[in-house]
Amino acid sequence: MNQATFVPEKFDSYFGPDPYFDPKKVKCGPEQVQNIQRVIWPLIASYRKVLVAQKAMTTYTTVGMFAVGDADLRHFGAGHVLYTDKPGKGKSLLAGVPAVVLGGSASRFQGTPDNLPSDYLGNRIIDIDETGRRFFRLVKGPAFADIQLLDEINRNSPRTMSAFLEAIGEGNITIFNEEHKVNPFVIFTMNPIETEGVYPILEALLDRIMFKITGNWFVAKEFAEIDDRASSFDVLAGTLKQVCGMATVMEIREFFHKNIYVDIDLKEKRMGHFAEVSNDPHKFGCLKKFSGKFGSPVVLGGLSGRGFRHWVGASKTIAAFRYREYVTPEDAQKTILPVLRHRLFFAPGAVKFLTEEFRFRDSDETIDAVIREMIREAW
């Protein structure tokens with residue numbers, strides 16, 4: 001683009017300026033700038049008005065909404081996110097913001113062991129009209145909402161988890177052989193310290209989630225700020241501002257997907273190489289210090305084909321947010337950690353062993369440490 005003719009958009013004073021915007025460094029066209037300044041930045045700023053300190057949550061949740069995750073001939077799906085952290089970090093609170101700012105319908109589905117697929121999808125029931133004629137009426141479930149909070153996902157049985165796959169991965173719901181098109185953005189939450197009444201999340205479901213996000217630990221000043229903000233939530237809720245509708249969100253998602261470029265050398269020789277060796281633990285010399293203590297390879301598998309596409313989609317969207325129409329190695333490196341966290345396949349008992357051996361705080365910190373070692377060597 002011709003920088004001499006570039007005229008920046010005027011930021012909405014309610015949200016303030018985007019700290020990443022520098023007119024001298026813009027490397028994209030005016031439509032992309034407009035999308036970011038009128039929709040993307042207002043959403044991120046709204047998140048940060050509500051949530052204290054959790055910058056990764058706000059950033060990657062926004063990236064996931066505007067990145068293409070699963071895609072087929074009829075569907076450009078969003079990059080769904082999984083929040084996994086101890087209670088009280090603001091996971092559920094954060095999920096309520098996009099429905100207000102982006103004007104979509106919202107639903108909340110609480111995980112419990114006795115949930116059935118129809119509790120999420122909906123069902124047909126017998127109804128009676130004013131003439132006394134009986135007919136089947138569809139009662140839509142939470143799966144039909146634009147923005148969904150699936151809380152405590154691991155409390156659902158595998159049977160119920162399987163009901164999520166078609167809706168979030170293919171943008172389709174089938175009830176009594178009738179298909180219904182949907183295009184949801186889903187926020188999953190999981191409390192990792194619970195051990196009663198929970199199930200392992202299906203591998204097929206995890207692979208349809210773009211990011212696994214963990215929260216930061218609060219410091220003293222942030223604890224105080226949490227109480228200050230909570231005391232004025234009634235005021236803040238009334239001031240959140242809608243900036244567009246869900247149709248605009250899908251248009252921007254498709255725009256980023258089609259207009260942000262990934263160089264073939266970056267895609268194949270760096271990203272593709274990393275994805276390849278992530279599935280072969282013997283190619284990672286950096287893991288020897290972990291494997292040596294464990295007695296065998298700790299990592300048995302990594303990125304799938306779908307996971308790689310999620311990584312590319314996330315990298316494109318991060319690049320777009322930084323006012324570029326091309327992906328840099330730094331964009332790809334920035335997104336690999338939350339993309340790979342839930343996709344690394346560890347040997348049985350390896351995570352627990354490493355957590356105790358290296359005195360990490362929890363299993364999430366252990367997994368992050370392993371991935372960072374992989375990045376340092378293979379990137």
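Modeller: Helices here are DSSP runs of H or I with at least four residues, numbered from the N terminus. The model is a predicted one.

The largest cavity holds about 90 Å³ of space, and helix H1 supplies the largest share of its lining, five residues. The lining consists of Asp18, Tyr20, Ile36, Ile40, Trp41, Ile44, Arg48, Thr59, Phe321 and Arg322. By class, six of these residues are nonpolar, one is polar and three are charged.

Helix H1 itself deserves a description. It covers residues 30–50, 21 residues in total, and spans 30 Å from its first C-alpha to its last, close to the 30 Å expected at 1.5 Å a residue. The helix bends by about 40° at isoleucine 36, and Ile36 is also among the residues that line the largest cavity. Because 15 of its 21 residues are buried, H1 is largely enclosed by the rest of the structure.

The second largest cavity has a volume of about 30 Å³. Phe66, Ala67, Val68, Arg253, Phe256, His257, Gly313, Lys316 and Thr317 form its lining. Helix H10 (246–259) and helix H13 (305–321) each provide at least two of the lining residues. Four residues of this lining are nonpolar, three are polar and two are charged.

The open space comes next. The largest pocket has a volume of about 930 Å³. It is lined by 31 residues, of which Met190, Pro200, Lys212, Ser363 and Ile367 are the closest to its centre. Strand S3 (81–84), helix H7 (203–206), strand S13, helix H15 (350–357) and helix H16 are the elements that give two or more residues to this lining. H16 contributes the most, with three residues. The lining divides into 17 nonpolar, six polar and eight charged residues.

Side chains of opposite charge can pair when their charged atoms come close. The whole structure contains 14 salt bridges. In one of them, arginine 341 pairs with aspartate 368, with the closest N and O atoms 2.7 Å apart. Arginine 341 lies in the loop between helix H14 (329–340) and strand S13 (345–346), while aspartate 368 lies in H16 (residues 363–378), so the pair ties together parts that are 27 residues apart in sequence. Buried means under 20% relative accessible area; arginine 341 therefore counts as buried at 11%, and aspartate 368 counts as buried at 8%.

Arginine 361 and glutamate 365 form another salt bridge, at 3.2 Å from N to O. Here arginine 361 is exposed, with a relative accessible area of 57%, whereas glutamate 365 is partly exposed at 29%.

Within H16, arginine 376 and glutamate 373 lie three residues apart, about one turn of the helix. Their side chains meet in a salt bridge of 3.0 Å, N to O. Arginine 376 is exposed, at 58% relative accessible area, but glutamate 373 is buried, at 15%.

Conventions. Residues numbered from 1 in each chain as written. Predicted model: local features only at pLDDT ≥ 70, side-chain atom pairs only at ≥ 80, totals over all residues. Heavy atoms only, no water. Expected span 1.5 Å × (residues − 1). Bend = angle between axes of the 7 residues up to and from the residue. Buried < 20%, exposed > 50% of the residue type's maximum accessible area, 1.4 Å probe, protein only. Salt bridge = Lys/Arg side-chain N within 4 Å of Asp/Glu carboxyl O. 1 Å grid on protein atoms, 1.4 Å probe; cavity = no way out; pocket = protein on both sides within 12 Å on 5 of 7 lines; lining within 4 Å. Points joined across faces, edges and corners; volume = space filled by probe spheres on them. Nonpolar A, V, L, I, M, F, W, Y, C, P; charged D, E, K, R; others polar.
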